[in-house]
Amino acid sequence: VEGATILEASATAATTTTSTTDVLMAGMTLTPGAGDYLAVFSTSVKATSASNIFVSIYVNGVQQAHTERRVFQEASIAGFEQPLMTYAHITVGAGQAVEIRWRTDVANTITANARTLNLFPVASADVSQATATADTTLNSSTYTLLNSMTLTPGAGTYLAIFSTSAEGVSGAVINALLFVGGTQ
């Protein structure tokens with residue numbers, strides 16, 4: 001939206017939690033005013049022992065389920081930082097907060113380091129979003145369409161953004177590519 005202000009919440013001091021239910025990540029809340037936004041969040045995380053670390057975008061206390069992202073910190077790399085990010089088109093009402101909440105699946109200490117939440121105002125009519133919350137599996141050495149991840153916009157120039165959580169067997173390489181009109 002031309003002339004609209006981009007909002008940012010950022011923090012450089014590490015924050016920790018041991019919660020196994022979603023809790024607010026320190027410093028990661030904004031109350032932007034009514035409208036549509038592209039919410040973009042990124043950080044690096046680590047755990048003291050093997051565990052999953054989850055983050056989600058919340059609007060007015062409601063999890064935007066398709067934004068949940070997970071990173072697994074296995075025991076051999078516990079204590080090493082891994083990137084974790086999520087983003088989505090969201091609609092916010094007047095006075096509603098946008099938050100990043102996080103949790104672990106086991107009661108150990110997880111840490112988020114430097115982190116940023118940005119809200120970019122967008123016109124609802126200018127946004128197309130495909131979302132999915134169901135897990136999907138693939139056992140292919142060729143590129144295959146990921147379930148529910150297809151959009152067919154009109155002709156024009158677009159910003160395409162994709163994010164997911166993915167895991168494979170030990171030593172697996174997981175690739176994702178954007179195809180337009182069948183061409184990578």
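Tyr143, Leu177 and Phe179 make a nonpolar surface patch of about 280 Å². Patches here are built from residues with over 30% relative accessible area and no salt bridge; like charges are joined within 9 Å, and nonpolar side chains (Val, Leu, Ile, Met, Phe, Trp, Tyr) within 5 Å. The areas come from the Shrake-Rupley method with a 1.4 Å probe, and for residues only the protein chains shown count as cover.

A word on the model. It is predicted: local features need pLDDT of at least 70, side-chain atom pairs count only at pLDDT 80 or more, and totals for chains, interfaces and linings use all residues. Residues are numbered from 1 along each chain as its sequence is written, and side-chain values use heavy atoms, with hydrogens and water left out.

Back to Phe179. Where is Phe179 placed? In the segment after β10 (110-122). Strands, by the way, are DSSP runs of E with at least two residues, and helices are runs of H or I with at least four; both are numbered from the N terminus. Phe179 is partly exposed, at 36% relative accessible area. The cut-offs: buried is under 20% relative accessible area, exposed is over 50%, partly exposed is in between, with a 1.4 Å probe and protein chains only.

Now inside. Look at strand β5, residues 51-59. Nine of its nine residues are buried, so β5 is largely enclosed by the rest of the structure. Both faces are covered. On one side sit Ser51, Ile53, Val55, Ile57 and Val59. On the other sit Asn52, Phe54, Ser56 and Tyr58.

Which strands pair with β5? Pairing means that DSSP finds at least two bridges between two strands. β7, residues 69-73, runs antiparallel to β5, with five bridges. There, Val55 has Arg69 as its bridge partner. β9, residues 98-104, is also antiparallel to β5, with seven bridges. Ser56 is partnered by Arg101 in that strand. Then comes β6, residues 62-63, antiparallel to β5 over two bridges. Val59 pairs with Val62 there. The hairpin of β5 and β6 has two residues between the strands, and Asn60 takes a positive phi near 55°.

Next, strand β4, residues 35-47. β4 pairs with β8, residues 82-92, in the antiparallel sense over eleven bridges. Val40 in that pairing has Tyr87 as its partner. Eleven bridges also join β4 to β10, again antiparallel. In β10, Pro121 is the bridge partner of Tyr37.

On to charges. How many salt bridges does the count give? Three. The rule: a side-chain nitrogen of Lys or Arg within 4 Å of a carboxyl oxygen of Asp or Glu.

Take Asp22 and Arg103. Their side chains meet at 2.9 Å, N to O, in a salt bridge. Asp22 lies in the loop between β2 (15-17) and β3 (23-30), and Arg103 lies in strand β9, so the pair ties together parts 81 residues apart in sequence. Asp22 is buried, at 19% relative accessible area. Arg103 is buried too, at 17%.

Arg103 also meets Glu68 in a salt bridge, at 2.9 Å, N to O. Glu68 lies in the loop between β6 and β7, so its pair with Arg103 in β9 ties together parts 35 residues apart in sequence. Glu68 is partly exposed, at 27%. Shared partners join Asp22, Glu68 and Arg103 into one network.

Glu99 and Arg101 form another salt bridge, at 2.7 Å, N to O. Both of these residues are buried.

Last, the core. The largest nonpolar core has 25 residues. Such a core is a set of buried Ala, Val, Leu, Ile, Met, Phe, Trp, Tyr and Cys residues joined through side-chain atoms within 4.5 Å. Met25, Met28, Ile53, Ile90, Ile100, Leu117 and Leu119 have the most contacts inside it. Two or more residues come from each of β1 (7-11), β3, β4, β5, β8, β9 and β10. Which element gives the most? β4, with five residues.

Finally, Leu119. Contact means heavy atoms within 4.5 Å. Leaving aside neighbours within four places in sequence, Leu119 is in contact with residues including Leu7, Leu30, Tyr37, Ile90 and Val98.
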